[in-house]
Amino acid sequence: MTTTLTKPPADAAPEPSKRTRGMKAARAGGQLHAGPVAYLILAVFSIISLFPLVWTAIAASRDNNRLAESPPPFWFGGNLFKNLDIAWNDANLGEAFFNTTLVAGISAATVVVLSTIAGFAFAKLRFRGRGALMLIVIGTMMVPPQLSVIPLYMLVAELDWTDQLQAVIFPSLVSAFGVFFMRQYLIQALPDEIIEAARVDGASSWRVVWHVVFPTARPAMAVLGMLTFVQTWNDFLWPFLVLTQTGNPTVQVAVAGLGRGYTPDQSLIMAGALLGTLPLLLVFAIFGKQIVGGIMQGAVKG
């Protein structure tokens, strides 16, 4: 039995290369595999990004005398848990964590809800003066926050709110950036046809907000809530002015009181900074995947 081999015609297209197949797969919605150069670049940037946190942990595990030597230490010592315990007790970080979680949680929730409602109004509703009001909101973002410290402190003192948490909570209940952020998102993500269909079905404005706007804006709301929570958690200037370490401190105010003296104890300061950073790392570790997934889901157009 003989086997006949057929020769491909001369004008037949050559077999596509691996790179060409990869480009076609990417255009078709497939996955691209990173090469060694991409992994090398990602590794370098990861090391650079993690170095400040690792150095904070190394400094927190040493004593003040070793940190003053040259060259500084680049590996962990044996005083980490001792310094963490001293910082926790000296700075009253237990109460500070509770206060900061309360302040950041309330601020994040109110900013997300109010910014979504206001962003929907600026994006989809038609009313007189909408453009001028939006310009005013954007204009407030250009004013340095330090300029409002003196009049805001005078108001807080007049209300007798000094050294009370409401002095920190109330100024952070609204955000011009949040309004602008949600407006820009809803302009693209919320079609006018959906709102008109809800109106035809007899839905009121608040029902449209609850059943249409909030589900559509959920990815952006998650991102805005995370950004607001982190910003409020890390805020130092205003809480430092209106709160005290012995009254109702936040984490940043409590950490600022560590290591005071003629020679500041840098190891205790680093231990307090490490404790103040761990809750944010925990939040990102738990909710980071959901937030990124929400962003990707909101970016997909039907």
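1. Phenylalanine 74 is exposed, with a relative accessible area of 56% (exposed means over 50%, buried under 20%, and partly exposed in between, using a 1.4 Å probe and protein chains only). This is a predicted model, where local features need pLDDT of at least 70 and side-chain atom pairs count only at pLDDT 80 or more, while totals for chains, interfaces and linings use all residues. Residues are numbered from 1 along each chain as its sequence is written, and side-chain values use heavy atoms, leaving out hydrogens and water.

2. Now for the aromatic rings: there are 10 aromatic pairs (rings of Phe, Tyr and Trp, the last by its six-membered ring, pair if their centres lie within 6.5 Å; planes under 30 degrees apart are stacked, over 60 edge-to-face, the rest tilted). One of them joins tryptophan 55 and phenylalanine 74, with centres 6.4 Å apart and planes at 45°, so this pair is tilted. Tryptophan 55 itself is partly exposed at 23%.

3. Have a look at tryptophan 88 and phenylalanine 97 too: their ring centres are 5.5 Å apart and their planes at 35°, so they are also a tilted pair. Tryptophan 88 is partly exposed at 37%, whereas phenylalanine 97 is buried at 13%.

4. How many salt bridges does a search of the whole structure find? It finds 1 (a side-chain nitrogen of Lys or Arg within 4 Å of a carboxyl oxygen of Asp or Glu). The partners are lysine 124 and aspartate 192, at 3.0 Å from N to O. Lysine 124 is buried at 16%, and aspartate 192 is partly exposed at 36%.
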